[in-house]
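Student: I would like a close look at one part of this model. Please take me through it piece by piece.

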Amino acid sequence: MSYLIQAKDLCVNRHKKNILENVFVEVKKKDFITIIGPNGAGKSVLLECLMGSFQPDSGEIKKRENLSVGYIPQNFNPESSMPISVKRFLTLKRKSTPKELIDISKETNISEILEKNLSNLSGGELQKVLLARSLLNEPELLILDEPAQNLDIKNQLNFYNLLTRIYQKRELSILMVSHDLHMVMSSTRQVICLYHHVCCSGEPQTVAKDPEFISLFGNDMAKMMSVYQHTHNHSHQEDSQ
């Protein structure tokens with residue numbers, strides 16, 4: 001098996017609307033794939049299908065046997081009424097040696113906040129803690145759903161730089177949904193443009209010049225890199241959005 005995970009002809013229909021239409025995604029070793037698309041395009045549903053938490057209506061999902069996956073969800077809100085330290089949170093579901101905890105804390109730059117209450121963390125701190133926790137089981141595949149959506153520009157840059165360093169250091173693959181294409185272009189090996197189906201995909205430099213991509217996100221590529229909109233018709237009806 002040449003891939004870690006593969007989704008083929010994936011279809012999801014809810015309330016008579018097609019959320020996913022014959023979607024194909026394949027993640028191989030050392031891939032860094034970013035999925036982009038407008039709100040409601042089915043990006044998070046696709047990740048949930050791959051994670052096994054959402055059952056597609058049809059299609060096939062194959063995973064390499066004993067595949068280890070780390071996951072960072074789109075939304076994670078610590079319960080303030082149940083105080084828990086960062087250190088305790090990291091070891092809740094997995095026993096870690098002191099050395100493992102020290103190493104992962106250094107790698108993700110959270111050494112100074114281990115005793116801090118999880119509910120008192122800033123957005124940037126919390127994302128680094130979630131990243132640290134996802135790495136504790138030495139995943140072969142790291143899946144992230146809009147990991148920087150609630151961060152300011154500075155913390156977005158810090159998080160993506162940290163993610164890039166981890167990707168370069170570790171023998172893992174990354175599959176990520178992100179609106180911040182301009183920040184991950186240098187690391188992403190492949191871009192998938194999703195709008196219920198795969199509109200186009202390929203290497204970032206190639207996709208950015210693809211007529212399909214330009215019709216998706218507008219003609220002004222410089223502006224597209226900071227803010228993009230799905231402006232083409234592409235055989236979609238307004239009521240399908």
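In which sense do strand 1 (residues 3-14) and strand 4 pair, and over how many bridges?

Tutor: They pair in the antiparallel sense, over five bridges. Strands here are DSSP runs of E with at least two residues, helices are runs of H or I with at least four, and both are numbered from the N terminus. Two strands count as paired if DSSP finds at least two bridges between them.

First, some ground rules. This is a predicted model, where local features need pLDDT of at least 70 and side-chain atom pairs count only at pLDDT 80 or more, while totals for chains, interfaces and linings use all residues. Residues are numbered from 1 along each chain as its sequence is written, and side-chain values use heavy atoms, without hydrogens or water.

Now take two positions along strand 1. Ile5 has Lys63 of strand 4 as its bridge partner. Cys11 stands opposite Ser58, also in strand 4.

Strand 1 has another neighbour. It pairs with strand 2 in the antiparallel sense, over eight bridges. Val12 has Leu20 of strand 2 as its bridge partner. Strand 1 and strand 2 form a hairpin with two residues between the strands. In that hairpin, His15 takes a positive phi near 55°.

The three strands make an open sheet in the order 2-1-4, with antiparallel pairing. Strand 2 (17-28) and strand 4 (58-63) are the edge strands, and each pairs on one side only. From one strand to the next, the twist averages 10° (axes are lines fitted to C-alpha atoms, and angles run from 0 to 180 degrees between N-to-C directions).

Next, look at Asp57. It sits in the loop between helix 1 (43-51) and strand 4. Is Asp57 buried, partly exposed or exposed? Its relative accessibility is 46%, so it counts as partly exposed. The cut-offs are under 20% for buried and over 50% for exposed, with partly exposed in between (1.4 Å probe, protein chains only).

What does Asp57 touch? Leaving out residues up to four places away in sequence, it touches Cys11, Val12, Asn13 and Arg14. Touching means heavy atoms within 4.5 Å. Two of these residues deserve a second look. The Asp57 side chain reaches the backbone nitrogen of Asn13 at 2.6 Å. It also makes a polar contact with the side chain of Arg14, at 3.2 Å. A polar contact is a pair of N or O atoms within 3.5 Å; within protein, one must be able to donate a hydrogen and the other to accept it, and residues adjacent in sequence count only if both atoms are side-chain atoms.

Finally, compare Asp57 with Leu20. They lie 37 residues apart along the chain, yet 9.5 Å separates their C-alpha atoms.
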